[in-house]
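This report covers the overall build of a protein chain and then one group of aromatic side chains.

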Amino acid sequence: MSGFLLYGHPDSGHACKVALALRLAGQAHETKRIDIWAPRETRDAAFLAASPAAEVPCLMIDGAPHVQSGAILLDLGERLTGLGGNNAAGMRRAREVLFWEANRIGMCLPQLIEARRTGAAPLPPGAVAWLEGRFAVDRDRFDLLLGDAPFFHGDAPGIADCAVWGYVQWVEKAGQTPSAAMAAWLTRMRDLPVETRPEALFPA
Ligand SMILES: N[C@@H](CCC(=O)N[C@@H](CS)C(=O)NCC(=O)O)C(=O)O
């Protein structure tokens, strides 16, 4: 199949990152919702063939599968315009923010959200306090990285913003309080002239 097909689910911040990047770039694409709460073997056969770990996101580009949200974002940043990645400085900025996000916020907030989910397996004693301590550090680093600019790529958002937004969009669902800078950035992200509601990014 030619064109772009994104497998994802509205509960996956990793998949939301990629969906937002495609929207920001104005890239025509199809989406297919994969039930990440269902047993892996019950998922769409074409998806299972494309995504070896049965994880979303998986982005098909002209029939070729791409997995790992950070790797996909870096690919899209170079491939498409409007994502802040079409020059060396923009890609350097993207790599710096994406690797930080994957190591820090992308490890911390999803676990805090999962810890609060009804029916989730309980985390070991002390794990939530440890994650919350990490998030407090991440929140300060968010402020430092964003600085005085409206977006991580400057005046307009790019793949670094998509990466950070994936889970920061749910900071309150994770039981955490955003910094003032984070709250203002979230408002700017929500007010972008593209769809950002997870349920609408991956319609059933
Ligand atoms: N490091 C991966 C994480 C992907 C991931 O953990 N996906 C989750 C949803 S957020 C998933 O597909 N879970 C379903 C499963 O593992 O069965 C990325 O950045 O894409």
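Accessible areas here come from the Shrake-Rupley method with a 1.4 Å probe. On that basis the protein, which is a predicted model, exposes about 9800 Å². Carbon and sulfur atoms supply 53% of this area. Of the 204 residues, 46% are buried.

**Overall build**

Nine helices and four strands make up the secondary structure of the protein. Their order along the sequence is β-α-β-α-β-β-α-α-α-α-α-α-α. The C-alpha trace spans about 45 × 45 × 25 Å along its principal axes. For 204 residues, a compact globule would have a radius of gyration near 17 Å, and the value for the protein, 17 Å, agrees with this.

Contacts between residues at least 6 apart in sequence were also sorted by separation, and 67% of them join residues at least 24 apart.

**Aromatic pairs**

How many aromatic pairs does the protein have? The count comes to five, with ring centres required to lie within 6.5 Å. Two of these pairs share Phe-142 and are set out below.

| Pair | Centre to centre | Angle between planes | Class |
|---|---|---|---|
| Phe-142 and Phe-152 | 5.1 Å | 90° | edge-to-face |
| Phe-142 and Trp-185 | 5.3 Å | 75° | edge-to-face |

Why is the pair of Phe-142 and Phe-152 classed as edge-to-face? The planes of the two rings stand at 90°, and an angle over 60 degrees counts as edge-to-face. The angle of 75° between the planes of Phe-142 and Trp-185 goes with the edge-to-face class as well.

The positions of the partners show what each pair connects. Phe-142 lies in helix H6 (residues 127-146), while Phe-152 lies in the loop between H6 and helix H7 (159-168), so this pair ties together parts that are 10 residues apart in sequence. Trp-185 belongs to helix H8 (residues 180-190), so its pair with Phe-142 in helix H6 ties together parts that are 43 residues apart in sequence.

The cut-off for buried is under 20% relative accessible area.

Taken together, Phe-142, Phe-152 and Trp-185 form one aromatic cluster.

Note on methods:
Residues numbered from 1 in each chain as written. Predicted model: local features only at pLDDT ≥ 70, side-chain atom pairs only at ≥ 80, totals over all residues. Heavy atoms only, no water. Helix = DSSP H or I, 4+ residues; strand = E, 2+ residues; numbered from the N terminus. Rg over C-alpha atoms; globule rule 2.2 N^0.38 Å. Buried < 20%, exposed > 50% of the residue type's maximum accessible area, 1.4 Å probe, protein only. Contact = heavy atoms within 4.5 Å. Phe/Tyr/Trp six-rings, centres within 6.5 Å; stacked < 30°, edge-to-face > 60°.
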